[in-house]
Amino acid sequence: MRYSAKIAAAFLLTVSLCASFSAAAVDDSERLTLYKEFRTSFDASSYEAALPLADRLVRLTEQQYGGSELALVNPLVNLATTQYRLQHYDAALDGYRRSVEILEAKAEKTDRQFIRALHGLGATYHALQREEEAAAALKRAVDLSRNLDGLFNPAQLAMLRPLISSYTALDRFEEAGKEQQYAFTIAENTYGKDDARLLPALDQYARYHEDIGRYSTARALHTRAIFIGEKAGGRNSSLSVQGLRGVARTYRLAYLFGEEDVENASANPPAGINGGMLLPSSSLRSTGPSNEGERALKAALQILTLKDKTPDRRLIGATLVDFGDWFLTIGVEDKAVVAYRDAWKNLSAAGTTALLDKPEPLVYRPPTASSASKSDDPENFDAHEVKLLFTVGPDGSVDDVVSQSTEANESQTRSVISAMKKARYRPRFENGEPVATREVAFTETVYTKHKEEKS
């Protein structure tokens, strides 16, 4: 639900680094032939086949130029990007680091090759959840891109997405908001305010507002996306589906967290913003979420299942998962299971059931000692982690909660365990049926105020 690295989790980051591959360093027939074979495999997303070719190019270039010359930068970045696509992050990190080191030793500070190398380095740090290092590398790449290609050049969008995600993971919400607004302005300037090509950027902007608890603002952006989709493709256009799903999601989240205080929302996002599962200390709204959310999901599903449309099983499955999340959140378990079963069938037909292959958190109310109640003055508090293991049942309930390790005192640990016992997860599915999942891990951070020193 959230797009932090935990979400890197969820949400694998896509890097478009290889769009600017250059064969400039390939100056003999063997390396040129090898490079062409590599590009053919990479462009076809055959990364396993591309990997040995990229590795061979690096070794041939080293033999010809040595291990620290600028001619090696492109082959190193090509190899690292292939490793990144294969999720070989440690190996990719070595390649990107080495390419940056060569550039810092041999090139001008404004050399364009820095952009690709730093982009890859930052994206890999982000995938490894090393967010401070990710943000530093990505910001440097973005600044250089703006310096060389203009403040609003669209090429920087691919770098801004992981940069915003890293800032959000670091609770650097002001910087994240600034860059998100910048990214959206670039997209508007590039495509226009009513162009369907704006829809991905609009969705990202809306999700950012969801992440910082500004659900009304996010809902307005999703509604704008619906109108753009209808204008571009007609009333029953599939272009409107993501907007409808977004509207429903904002109603569900507002039910859990409450609508935003517009003045303070971005400065004080909901607890657990990066986990996408935490509730404020107040109880759930007894009235339930607005039925407008459920109606939006029904409208999305109706569009996707019209008889004159070719079924998009993946998107139908994802929308049905939204239905399941909706019903499970409001406590209607039987309808949730029906929706999840139908979702699994469609996702299986589409070739991936990843959305239902592991438990996902939906509802959790943190204890008062957690980050939800931490003072705005963190220097006065000590942070302590409580690591839990538990079982998520087929109905999404949490049982058998035990503390795996803790830095907190006994009272704080008990409060975290008690809170987790009341949580609700989307269950894992096997062969179309919900099943129990044991040894699910979760870490809560609790805070203790510094004791005043005696005079």
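1. The structure holds 28 salt bridges, a salt bridge being a side-chain nitrogen of Lys or Arg within 4 Å of a carboxyl oxygen of Asp or Glu. This is a predicted model, in which local features need pLDDT of at least 70 and side-chain atom pairs count only at pLDDT 80 or more, while totals for chains, interfaces and linings use all residues. Residues are numbered from 1 along each chain as its sequence is written, and side-chain values use heavy atoms, with hydrogens and water left out.

2. The chain contains 16 helices and 7 strands; helices (H or I, at least four residues) and strands (E, at least two) are DSSP runs, numbered from the N terminus. Of its 455 residues, 52% count as buried, where buried means under 20% relative accessible area, exposed over 50%, and partly exposed in between (1.4 Å probe, protein chains only). The chain exposes about 21,400 Å², of which carbon and sulfur atoms supply 48%, the areas coming from the Shrake-Rupley method with a 1.4 Å probe, and for residues only the protein chains shown count as cover.

3. Helix H3 has 19 residues and reaches 26 Å from its first C-alpha to its last, close to the 27 Å expected at 1.5 Å a residue; the expected span is 1.5 Å times one less than the number of residues. Among the buried residues of H3 are Tyr 47, Ala 50, Leu 57 and Thr 61, and what covers the buried residues of this helix includes helix H2 (29-43) and helix H4 (73-85), contact meaning heavy atoms within 4.5 Å. Just after H3, Gly 66 takes a positive phi of about 95°.

4. Helix H3 (residues 47-65) also holds both Asp 55 and Arg 59, which lie 4 residues apart, about one turn of the helix. An α-helix has 3.6 residues a turn, so residues three or four places apart point the same way. Asp 55 forms a salt bridge with Arg 59, with the closest N and O atoms 3.1 Å apart. Asp 55 counts as partly exposed because its relative accessibility is 31%, and Arg 59 is partly exposed as well, with a relative accessible area of 36%.

5. Which residue does Arg 130 meet in a salt bridge? The partner is Glu 133, and the closest N and O atoms are 2.8 Å apart. Arg 130, at 30% relative accessibility, counts as partly exposed, and Glu 133 is partly exposed with a relative accessible area of 32%. A network of salt bridges links Glu 132, Arg 172 and Glu 175.

6. Arg 428 and Glu 430 have side chains that meet in a salt bridge (2.4 Å, N to O). Arg 428 counts as buried, at 17% relative accessibility, whereas Glu 430 counts as partly exposed, at 41%.

7. An open sheet is formed by 3 strands in the order E3-E2-E7, with antiparallel pairing; two strands pair if DSSP finds at least two bridges between them. Strand E3 (398-406) and strand E7 (437-449) are the edge strands, each pairing on one side only, and the twist averages 30° from one strand to the next. Strand E2 (residues 381-392) pairs with E3 in the antiparallel sense over 6 bridges, and Leu 388 stands opposite Ser 403 in E3.

8. Helix H16 (residues 410-421) lies across E2, E3 and E7 and runs at about 150° to E3. Axes here are lines fitted to C-alpha atoms, for helices over the stretch in contact, and angles run from 0 to 180 degrees between N-to-C directions.
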